[in-house]
Each structure stands twice: as structure tokens, then as C-alpha cells.
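Here's a quick briefing to read with the model open.

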Amino acid sequence: MAKPLLFIGNKNYSSWSLRPYMALSMAGISFEEKLVIFGEPEFGKVVKKISKAGLVPILVHGKNTIWDSLAIMEYAAETWPDRNLWPKSKAARAMARSVSAEMHSGFRNLRGACPMNLRRPIKPVPMNDGILADVARIEALWKECRKEHGRGGPFLFGKFSIADAMFAPVVTRFETYDIRVSTDTQHYMNAILATPAFHDWKAGALKENWVFAEDEVD
Ligand SMILES: N[C@@H](CCC(=O)N[C@@H](CS)C(=O)NCC(=O)O)C(=O)O
């Protein structure tokens, strides 16, 4: 079967695309990528032809088309079971799935106020109770995962898993918006930011010159 093909948005901005990119790369799964530029007529044409949802990321693998970041990573975990994209123990897996799902559908205050923008100079934005509550909940989640299952490495469940891929864009937001975090949180952030997969993604983002965010140059 041909290599899986991952359709992604601009690396500077597409937080949902970063997730499966991180998971596939960190698991050593060989894939091709196709970047579709937000806001260009090509985006709608290319993306809608493959998925009626009209959003990236999308993975095409043989006859299978999978849209949605978490669905793509579930597909990868099932297709390449030897890569252990979810933690091995059932208890850890249950928790990893729960935190991933909480990320997938939550933290709207943080996401709204602090969109992923890897080129943005590091600078805070005004905090409000909603953002602070999201940050506190995320820090508590990370601490609990690390305490219960993190002994085998620097990631939430020791070794890198889908849960880490889900939170990678949050790590960049904490950094970009200079959000005050605990030392433990900072250690976890450093582990994500130091991965080769994130380095590759960010190098790609820094080469892009499409500008969409109002605060790009401040
Ligand atoms: N829940 C979806 C969200 C996907 C999503 O919102 N993608 C954004 C980019 S990060 C997109 O394609 N936006 C293009 C548009 O809205 O036209 C997932 O997990 O993949």
C-alpha cells in the first residue's frame, strides 16, 4: 500500500494539523505530507474534494480517508499497533484517552484567546478567569498523568503517546503567550519542544510567509 498522505494546514497556525504530524513522526511511521494554504481558493477545492467536512488534517491511506485529528491518531494506533501510540497498560490508556478527549472538546477560553502562532514574538495577552481556569485545569491534568503514569520518560505517560500529541499545541500557546506555569509544567513543555518532530514542524512554520493573524508583527 502507498504511504499514508497527511493533508495539513499552514504549519504556523494549524494546531489541529500539528497533532497527527507529531504522533506519526514520533512513532516513526513514514508518511507524505501535503500542505494546503488557509484562505486560498485551493484550500476549499482540494480539501472539500477529499472530505466534506472541509477541514484539515485529513489522512488518506489506501482506500481509507480519515478526517479529524483524533480519529487519524486512533487509525494510526490501530494500523501500526507495534508503535504503541497509546500507553500499554489499560489504566494508563483509559486516562490517556480521557485527557485527549477533554483536550479535543475543551479549553475554549485558552484556544480562543491564544491561538497557535509559532512565529509570534513571545508576549503575554491579558488573562481572564476563563483562560486562567483552563490553564489551571491543564496543569492539574498533566501533573496527575505524570504522577500516576509518567515514570518511564518525560512525557505524560512516560513514553510519547497520542495524549502528548493532543497537547503539543497547548505547549506552544503557553510558551508564545508567556503564561506563568509551575516548574513541573515547564519541564514537560521542554520535553515536547525538544522533540525532533516539533523541531521539524517549527522549522517549516518559520519558513512560511503567509500572514493571517492580526498580532503577527507585534
Ligand atoms: N476537530 C477537528 C478540527 C479541525 C479544524 O478545525 N481544522 C482547521 C485548521 S486547524 C481548519 O481546517 N480550518 C479551515 C477552515 O475553517 O476553513 C480536528 O480535530 O481535526
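Contact here means heavy atoms within 4.5 Å. With that in mind, the cover over the buried residues of helix α6 includes α4 (90–105), α5 (108–113), α7 (162–176) and α8 (183–193). Keep in mind that this is a predicted model.

**Helix α6**

- The buried residues of α6 are Gly130, Ile131, Asp134, Val135, Ile138, Glu139, Leu141, Trp142, Cys145 and His149.
- An α-helix has 3.6 residues a turn, so residues three or four places apart point the same way.
- How far apart are the end C-alpha atoms of α6? They sit 30 Å apart, which agrees with the 30 Å that 21 residues (129–149) should span at 1.5 Å a residue.
- Asn128 caps the N-terminal end of α6, with a side-chain oxygen 3.0 Å from the backbone nitrogen of Gly130.

**The ligand site**

- Which residues surround the ligand? They are Ser14, Trp16, Phe38, Phe43, Leu55, Val56, Pro57, Asp68, Ser69 and His104.
- Sorted by class, that shell comes to six nonpolar, three polar and one charged residues.
- On the polar side, one of the ligand's nitrogen atoms lies 2.7 Å from a polar backbone atom of Val56.
- Ser69 uses its side chain: an N or O atom there is 2.6 Å from an oxygen atom of the ligand.
- His104 also brings in its side chain, with an N or O atom 2.9 Å from a ligand oxygen.
- On its own the ligand would expose 520 Å², and the protein buries 69% of that.

- You'll find Phe38 in the loop between β2 (32–35) and α2 (41–50).
- Leaving out residues up to four places away in sequence, Phe38 touches Gly9, Asn10, Tyr13, Ser14, Phe43, Val56 and Phe212.
- Val211 is 173 residues from Phe38 along the chain, yet their C-alpha atoms are separated by 9.9 Å.

**Asn12, in another loop**

- Asn12 belongs to the loop between β1 (5–8) and α1 (15–26).
- Is Asn12 buried or exposed? At 0% relative accessibility, Asn12 counts as buried, the cut-off being under 20%.
- The Asn12 side chain makes a polar contact with the side chain of Asn117, at 2.9 Å.
- A polar atom of the Asn12 side chain also lies 3.0 Å from the backbone nitrogen of Leu118.

Conventions. Residues numbered from 1 in each chain as written. Predicted model: local features only at pLDDT ≥ 70, side-chain atom pairs only at ≥ 80, totals over all residues. Heavy atoms only, no water. Helix = DSSP H or I, 4+ residues; strand = E, 2+ residues; numbered from the N terminus. Expected span 1.5 Å × (residues − 1). Buried < 20%, exposed > 50% of the residue type's maximum accessible area, 1.4 Å probe, protein only. Polar contact = N/O pair within 3.5 Å; in protein donor to acceptor, adjacent residues only side chain to side chain. Near = heavy atom within 4 Å. Areas by Shrake-Rupley, 256 points an atom, 1.4 Å probe, with all protein chains shown as cover. Nonpolar A, V, L, I, M, F, W, Y, C, P; charged D, E, K, R; others polar.
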